[in-house]
Amino acid sequence: MNLPGHSSKRTSSLAIVSVLFFAAIVTATARISFAATSSSGVVIPLYTYPTDGSWAASLQAKKAHPNVPIIAVINPSDGPGGSSDSNYVQGVKDFQAAGIIVIGYVATGYASHGMSDLDTQISLYKTWYSVNGIFFDEMSNNAGNENYYSTLNTYVKSLGMTMTMGNPGTSVPSSYIGILDSLCIFEQGGLPTLSYLSSYSGHPKSNFAYIGLSVSTLNTSYEVSSSNYVQWIYITDAGGGNPYDVLPSYFMNEVAALDAGPQSSTSTSATTSTTTTTGRTATLSISTVDSSNQPVNGFYIQEVKDNTAGTSTGGTYTPQTVGAVVGHSYSVTVDDYATRYVQGANIGTFARNVVVPQSGTTTFTLQGDTNLVFTEALLATSTSTSTTTTTSKTTTTTTTSPITTTSKTTTTTSPITSTSKTTTITSTTATTTTSSTGTLTSTTSPSTTTATSRTTSPTTTRATTTSTTTQTVTTPRPAGTATLYPDIFKAVDLFGLPIGGATVKVTAANGTQITKPTDSDGVASFNLPNGTYSADLTYMGVMSSVSDQTSGPHSITVTFVLSFPILVLASLFAGTLAAVVVGRRWRRGKADLGPATL
């Protein structure tokens, strides 16, 4: 028996066992460490435009709770859209700078869409917006489509992106788990039961997410408990056709509830969670920002209404902090001012008020200390310049009289040739300025023309008057968050020639009426909310009415039959006919006076 040899084998065996035991301890420690640092966060289906207040509110939530992970799913146009949008480019950069993960929306049609089309969309998201990953909507949960999504995941990662999330919206077979980084296993009204979520507890919670819709009141205790089983959560009180065009009214509290980390469902030790205690007093801070999320102060707070108690206050200016009751429904109204209108709010259900004074109102249920931020956007303006030349061939003056006139920025030059010995003309110009707020400021000086003549004989004057008018048309305030679209009206005659000076009276969707003349090209342009309109075009007593209630830009051509060329032709025809008739009668008369008659 070779004891040394036997001893060597035993020593080697002990060494191997020691190494394996140590490795197991390290692995377990690593897993525990991952679970402890893998805190749950919020995934926001942010299907709004970057200038909407929901983007600013998302940034604000991240800055207030930097330890809570946030994913923003962007969706320019059911995908990346047809071209890069600079507002999205900047919005994505701002999110990423704050630590928000940005992923782009791509619909897969439940594994029916072609791979090349999906690859193109994925590539465009990366090229145009440098997103962190892709959100695959309309995801299949049928066995046999696993490779379809595995291929998409591989392509996303090959472009340098790091995050993929799929949305079957319901339960999935275990063969799908791990193909993408995360799967949304619930998307419907209400909330998933904790027992349903715990059925996936055999897998890391980073694999799962859920979306609860039409949840009127946030239960933060449930939210924290559910975070033990899923990595990503989104609960909203919005519902209907598009529940993702507005943030939840309790969004800030939803993020704050996850700031303390998950709450163990089996722990017997005391735990602390953020809960809503109805009836206690909280602070409601009201402020205003511009479209770039920069503070703009001094906007009139028309009303802060407690819908539950039936009381209201108001008459102050932003920024303002008031006391409010948790659990009560509130409606806050802020007025438009000057060149800005209220475009949206970061919480609640927002609506535009088109009755003067125009304003914006958001309605929400107070969940706790809340920062309410209204976005004040700039009105669009357009400037048009028209020049009209009028020539008056003959003017007869038989007396001396002072004449007082008032005009809009009019300059008159009159070279006068007269048989009178002395002629003096003195004139001043009246200036009228219209501000963009609709306040008319007028400075008028009388224009006096004095003609002195030593004879009362007729005076022949040839005068050329050039009138230049510059008009700034302020686009009417849109109703809601309406988009302004150009509507172009063109007046032409029967031959397609432009008619200048036709009157175009437009009634916009919000009831505002604007009247403009067509220019020398026969064109009058307007920027209207949603592009919808009703319009009356008038020329030489003839009126034509047109309307279009479809959203978007429009170009309308109206043909006037009784226009100038028709009148000219009619006059020429009538003159020719008269000449023929007169000629015939003259020849007949001459024939009657011939020799036969004598």
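In this predicted model, the crossing of helix 4 and helix 5 is right-handed, and the axes of these two helices, which span residues 115–129 and residues 146–158, come within 11 Å and cross at roughly 30°. Because angles under 35 degrees count as roughly parallel, helix 4 and helix 5 are roughly parallel to each other. On the side of helix 4 the contact is made by Met 115, Leu 118, Asp 119, Ile 122 and Ser 123, which meet Tyr 148, Thr 151, Leu 152, Tyr 155 and Val 156 in helix 5. Sorted by class, the residues of this contact divide into seven nonpolar, two polar and one charged.

Ser 130, in the loop between helix 4 and strand 4 (133–137), has a positive phi of about 50° although it is not a glycine. With a relative accessible area of 41%, Ser 130 is partly exposed. Helix 2 (residues 53–64) and helix 3 (residues 86–98) have axes that come within 10 Å and cross at roughly 10°, which makes helix 2 roughly parallel to helix 3. The crossing of helix 2 and helix 3 is left-handed, whereas that of helix 4 and helix 5 is right-handed. In the contact itself, Trp 55, Ser 58, Leu 59 and Lys 62 of helix 2 meet Tyr 88, Gly 91, Val 92, Asp 94, Phe 95 and Ala 98 of helix 3. By class, this contact has six nonpolar, two polar and two charged residues.

Ring pairs link Tyr 49, Trp 55, Tyr 88, Phe 95, Trp 128 and Tyr 129 into a cluster; of its members, Trp 55 lies in helix 2, while Tyr 88 and Phe 95 lie in helix 3. For the chain, the count comes to 17 aromatic pairs. One of them is formed by Tyr 47 and Tyr 244, whose rings are edge-to-face at 5.4 Å centre to centre, with 80° between the planes. This pair links distant parts of the chain, since Tyr 47 sits in the loop between strand 1 (41–46) and helix 2, Tyr 244 sits in the loop between strand 8 (232–235) and helix 8 (251–257), and the two are 197 residues apart. Both Tyr 47 and Tyr 244 are buried.

Trp 128 and Tyr 129 form another edge-to-face pair, with 6.2 Å centre to centre and 75° between the planes. Buried or exposed: on which side of the 20% cut-off does Tyr 129 fall? Tyr 129 is buried, because its relative accessible area of 3% is under 20%.

Elsewhere, Val 224 in helix 7 (residues 220–226) is buried, with a relative accessible area of 3%. Val 224 and Ala 257 are 33 residues apart in sequence, and their C-alpha atoms are 6.7 Å apart in space. A further backbone feature is the cis peptide bond that joins Thr 318 and Pro 319, for which omega is about -5°. Pro 319 belongs to the loop between strand 12 (316–317) and strand 13 (320–325).

These local details can be set against the chain as a whole. The chain contains nine helices and 32 strands, and buried residues make up 37% of its 598 residues. Of the contacts in the chain with a separation of 6 or more, 69% are accounted for by residues 24 or more positions apart. The pair of Tyr 47 and Tyr 244, 197 residues apart, and the pair of Val 224 and Ala 257, 33 residues apart in sequence, are individual examples of residues separated along the chain that the reader can locate in the structure.

Definitions and conventions. Residues are numbered from 1 along each chain as its sequence is written. This is a predicted model: local features need pLDDT of at least 70, side-chain atom pairs count only at pLDDT 80 or more; totals for chains, interfaces and linings use all residues. Side-chain values use heavy atoms; hydrogens and water are left out. Axes are lines fitted to C-alpha atoms, for helices over the stretch in contact, and angles run from 0 to 180 degrees between N-to-C directions. Helices (H or I, at least four residues) and strands (E, at least two) are DSSP runs, numbered from the N terminus. Angles under 35 degrees count as roughly parallel, over 145 as roughly antiparallel, 65 to 115 as roughly perpendicular and the rest as oblique. A crossing is left-handed if the near helix is turned anticlockwise from the far one by less than a right angle, and right-handed if clockwise. Contact means heavy atoms within 4.5 Å. Ala, Val, Leu, Ile, Met, Phe, Trp, Tyr, Cys and Pro count as nonpolar, Asp, Glu, Lys and Arg as charged, and the others, Gly among them, as polar. Rings of Phe, Tyr and Trp (its six-membered ring) pair if their centres lie within 6.5 Å; planes under 30 degrees apart count as stacked, over 60 as edge-to-face and the rest as tilted. Buried means under 20% relative accessible area, exposed over 50%, partly exposed in between (1.4 Å probe, protein chains only).
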